[in-house]
Amino acid sequence: MRPTLSRIAARPRLRRLLSLLAAAGLCSGAGLAHATTLDLRTAVDRALLAEAKYRAARAEYAAMQQEIPRARAGLLPQLSASGSRTDNRADITQTNALGQNTSRDSDYVSSNYSVTLRQPLVRYDSWIKYRQADTRVEHAGRQVELAHDSLILSVGESYLNCLLADAVAQFARAEVSALEGLLEAATRGLTAGTATRTDVLDAEARLDSARVKLIEARHGIDAARRTLEAAVGEPIDAIRAIDAERLVLGNLSGRIDDWREAALAGNPEIAAARLAVDLARDETRLQRAGHYPTLDFIAQRQLAESDSISTLGTRTHTNLWGFQANIPLFAGGYVIASTRQATARLERAQAELDATVEQITLRSARAVEGLKAASQRVQALARAEDSAAAALVGTEKGLRAGTRSFIDVLNARQQLFEARQNRARANAEFVLGLLELKASAGELDDAAITAANSLLATDVAIDLNSD
């Protein structure tokens, strides 16, 4: 029975991978729009085709599928043919009736040809190996899913890092521009007597600091862009921005226990650990099978001609069939030691499964709480940004009225920039948290990528090459 291959082939992720491979030509020639503006969905699709580690995992899965026919071969008939032809020279010494020794030389050619059929009948170890091969193929399929999820999270993080780096650079540029204006206003105020020398020096110091931040932000954009380009395998000019109005939890605000059950049922890491336990358990049975007898059916047809000095000139046709049994009696303790070793490794695999379950359970709980907290931060920081903007407007009015100083305006503007930067970071954490939650539950599929991609704005592009 071979349900594993059909189940693996029917998985949505692998079906989607096949469609991506078929559409590789379309991806490479998608046109100017794809070359200039990249969204999360397109980035993931291209990374699945280009990323080296994921391609290596797929290649290993393809190689592991050959384990099944290799193991099946141990249960199928084995047909072999052999033959030999030799030139012989014999020195023959005989004693005659008179007691005298006579000798003669004899040169002859002998030949021996045979065809042998062997059918295993009772080989418990071969059946265990066949079952292990099926499990290994499924385990390799789970490893592909793990590489798939890891790649999507990596691409998603790189994509969001680009957005965050651009947001930091935008705020740094805006801060430099604003501080340059304030420094000019402070300088004029110092001349007019409405500002102090301290106001001018404070504005200059903050401007120098803002320029340093802008330089660092530009380097941050370059580093984030290069990381994303390495993942997707091609240069990137621009990416889609996050639409903050779409960052709502929707139907994802479930209980932690619900997501825990989903993780236990669908997480590929847990599934791989369970399959590792099954492999280790079968390995103990395989090693214990070293004590069990084997039974083969054998049929052979043999042709021999002058195969010995006593059968010179004789041609013999031999047909035989029968059963061959092998009963292990003593192997020096090898089987016992191998069984104990396999049992210890089974205990290790079970312990690793328990640790994986605990880790994934904790990770899913953290992902749920993290996503909920990110949603709350997004809403709170949106209000904080509005409040900081209103505070800046009020402070600027107070400056014109003479009730506030230039330092108050600088502080208010700094608070606004920090609020905007924190909101951009919270927006990125929300999208990444959504992907991590889906990954912990084993649901990081096409629908999850589409859902995350729907959080991006369709009409706002971020130019990653601008200064």
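**View 1. Threonine 294 and the residues around it.** Leaving aside neighbours within four places in sequence, threonine 294 is in contact with Val122, Arg123, Gln324, Ala325 and Asn326; contact here means heavy atoms within 4.5 Å. This is a predicted model, where local features need pLDDT of at least 70, side-chain atom pairs count only at pLDDT 80 or more, and totals for chains, interfaces and linings use all residues. Residues are numbered from 1 along each chain as its sequence is written, and side-chain values use heavy atoms, with hydrogens and water left out. You'll find threonine 294 in strand S5. Helices (H or I, at least four residues) and strands (E, at least two) are DSSP runs, numbered from the N terminus. Is threonine 294 buried or exposed? With 16% relative accessibility, threonine 294 counts as buried. Buried means under 20% relative accessible area, exposed means over 50%, and partly exposed is in between, using a 1.4 Å probe and protein chains only.

**View 2. The four-stranded sheet.** Here is an open sheet with the order S2-S3-S5-S6 and antiparallel pairing. Two strands pair if DSSP finds at least two bridges between them. The edge strands are S2 and strand S6 (315–326), each pairing on one side only. From one strand to the next, the twist averages 20°. Strands of a sheet pair through backbone hydrogen bonds, either parallel or antiparallel.

**View 3. Who faces whom between the strands.** Start with strand S2 (residues 78–95) and strand S3 (residues 101–122): they run antiparallel and are joined by 18 bridges. Look for arginine 85, which stands opposite serine 111 in S3. The hairpin of S2 and S3 has five residues between the strands, and in that hairpin glycine 99 takes a positive phi near 85°. Now move on to S3 and strand S5 (residues 294–305), which pair in the antiparallel sense over eleven bridges. Valine 122 has leucine 295 in S5 as its bridge partner, while leucine 117 is partnered by alanine 299 in S5.

**View 4. The three-stranded sheet.** This open sheet has the order S1-S4-S7, and its pairing is mixed. Its edge strands are strand S1 (37–38) and strand S7 (456–463), each of which pairs on one side only. Strand S4 (residues 238–242) runs antiparallel to S7, with four bridges joining the two. Which residue of S7 stands opposite isoleucine 239? Isoleucine 462 does.

**View 5. Helices H8 and H13 side by side.** Two packed helices are described by the angle between their axes and the distance between the axes. For helix H8 (residues 124–192) and helix H13 (residues 406–440), the axes come within 10 Å and cross at roughly 170°. That makes H8 roughly antiparallel to H13. The residues of this contact of H8 with H13 divide into 22 nonpolar, three polar and seven charged. Axes are lines fitted to C-alpha atoms, for helices over the stretch in contact, and angles run from 0 to 180 degrees between N-to-C directions. Angles under 35 degrees count as roughly parallel, over 145 as roughly antiparallel, 65 to 115 as roughly perpendicular and the rest as oblique. As for residue classes, Ala, Val, Leu, Ile, Met, Phe, Trp, Tyr, Cys and Pro count as nonpolar, Asp, Glu, Lys and Arg as charged, and the others, Gly among them, as polar.

**View 6. Alanine 165 in its helix.** Alanine 165 lies in helix H8 and is buried, with a relative accessible area of 11%. Beyond its neighbours within four places in sequence, alanine 165 is in contact with Ala217, Gly220, Ile221 and Ala224. Alanine 165 and threonine 311 are 146 residues apart in sequence and 92 Å apart in space, C-alpha to C-alpha.

**View 7. Helix H5 meets helix H14.** The axes of helix H5 (residues 40–50) and helix H14 (residues 446–453) come within 8 Å and cross at roughly 140°. H5 and H14 are therefore oblique to each other. Leu40, Arg41 and Val44 in H5 meet a group in H14 made up of Asp446, Ile449, Thr450, Ala452 and Asn453. By class, this contact of H5 with H14 has four nonpolar, two polar and two charged residues. Nine of the eleven residues of H5 are buried, so H5 is largely enclosed by the rest of the structure. Among those buried residues are Leu40, Ala43 and Leu49.
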